[in-house]
Amino acid sequence: MGEQLGLLKVKVVQGKRLVIRDFKSSDPYVVLKLGNQTAKTKVINSCLNPVWNEELNFTLTEPLEVLNLEVFDKDLLKADDKMGNAFLNLQPIVSAARLRDILRVTSGETTLRKVIPDGENCLVRESSINCVNGEVLQNVWLRLRGVESGELELTIKLVTPVVAPAT
């Protein structure tokens, strides 16, 4: 394991337009993986637009990994059904945290970086990475892959020690 960069707090806010995997609905939950770390949300019964508002924590280390997400439909008598997957590149938020340190931003709200949707990510729309009172935050909407529809909203917070640049 490489150098520790900080604590990554991932708030799984909600899902929208998730696919039906049971008779009329689904019982979705989200599994998040970062390297060998895994966490999962609670199951929301009979809902295609679930609200989780659950915060899951990961240790962020070098080399930087991609945050992978999979949505499943909980089944009692058989294997859980896949409801799509997505990923989030964490390099932009780590770079923004380094920029915060260089600029010595500690109060107020400052936009450090914007990430736009393209073929190399799962973003639904442009995402800003902001420094709010010294904390680096990113709110993202991710499009689920491998299914007809579905999006997930996440709020990412990178908690790092604030490092003063050498003078």
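**Close-ups of a predicted protein model**

**View 1. Phe72 is tucked away in this model.** At a relative accessibility of 13%, Phe72 falls under the 20% cut-off, so this residue counts as buried. One thing to know before looking further: the model shown here is predicted. Phe72 sits in strand 5, which covers residues 66-73.

**View 2. Tyr29 and Phe72 put their rings together.** How many aromatic pairs does the protein have, with ring centres within 6.5 Å as the cut-off? The count comes to 1. In this pair, the ring centres of Tyr29 and Phe72 lie 5.6 Å apart and the ring planes meet at 25°, so the pair is stacked. The cut-off behind that word is a plane angle under 30 degrees. The pair also ties distant parts of the chain together, with Tyr29 coming from strand 2 (residues 28-34) and Phe72 from strand 5, 43 residues apart. Is Tyr29 buried or exposed? Tyr29 is buried, with a relative accessible area of 7%.

View 3. Look at the step from Glu62 to Pro63: the peptide bond here is cis, and its omega is near -5°. Where does Pro63 sit? Pro63 is in the loop between strand 4 (51-61) and strand 5.

**View 4. Ser46 has a positive phi.** Ser46 isn't a glycine, yet its phi is positive, near 45°. You'll find Ser46 in the loop that joins strand 3 (37-40) to strand 4. With a relative accessible area of 57%, over the 50% cut-off, Ser46 is exposed.

**View 5. Asn133 has a positive phi too.** Phi of Asn133 is near 50°, again a positive value in a residue other than glycine. Which loop holds Asn133? Asn133 is in the loop between strand 8 (127-132) and strand 9 (135-143). Buried or exposed, then, for Asn133? Asn133 is exposed, at 55% relative accessible area.

**View 6. Glu54 is a buried residue in strand 4.** Glu54 belongs to strand 4, and its relative accessibility of 17% is under the 20% cut-off, so Glu54 counts as buried. What does Glu54 touch, once its neighbours within four places in sequence are set aside? Its contacts are Val10, Lys11 and Val12, along with Lys40, Thr41 and Lys42.

**View 7. Stepping back, the protein has 1 helix and 10 strands.** That is the whole tally of secondary structure, and from the N terminus the elements run β-β-β-β-β-β-α-β-β-β-β. The radius of gyration is 17 Å, close to the 15 Å that the globule rule gives for 167 residues, so the protein is as compact as a globular protein of that length. Along the principal axes, the C-alpha atoms fill a box of roughly 65 × 30 × 25 Å. Among contacts with a separation of 6 or more, 57% are between residues 24 or more positions apart.

**View 8. Here are the surface and the charges.** Buried residues account for 46% of the 167 in the protein.

Conventions:
Residues numbered from 1 in each chain as written. Predicted model: local features only at pLDDT ≥ 70, side-chain atom pairs only at ≥ 80, totals over all residues. Heavy atoms only, no water. Helix = DSSP H or I, 4+ residues; strand = E, 2+ residues; numbered from the N terminus. Rg over C-alpha atoms; globule rule 2.2 N^0.38 Å. Buried < 20%, exposed > 50% of the residue type's maximum accessible area, 1.4 Å probe, protein only. Contact = heavy atoms within 4.5 Å. Phe/Tyr/Trp six-rings, centres within 6.5 Å; stacked < 30°, edge-to-face > 60°.
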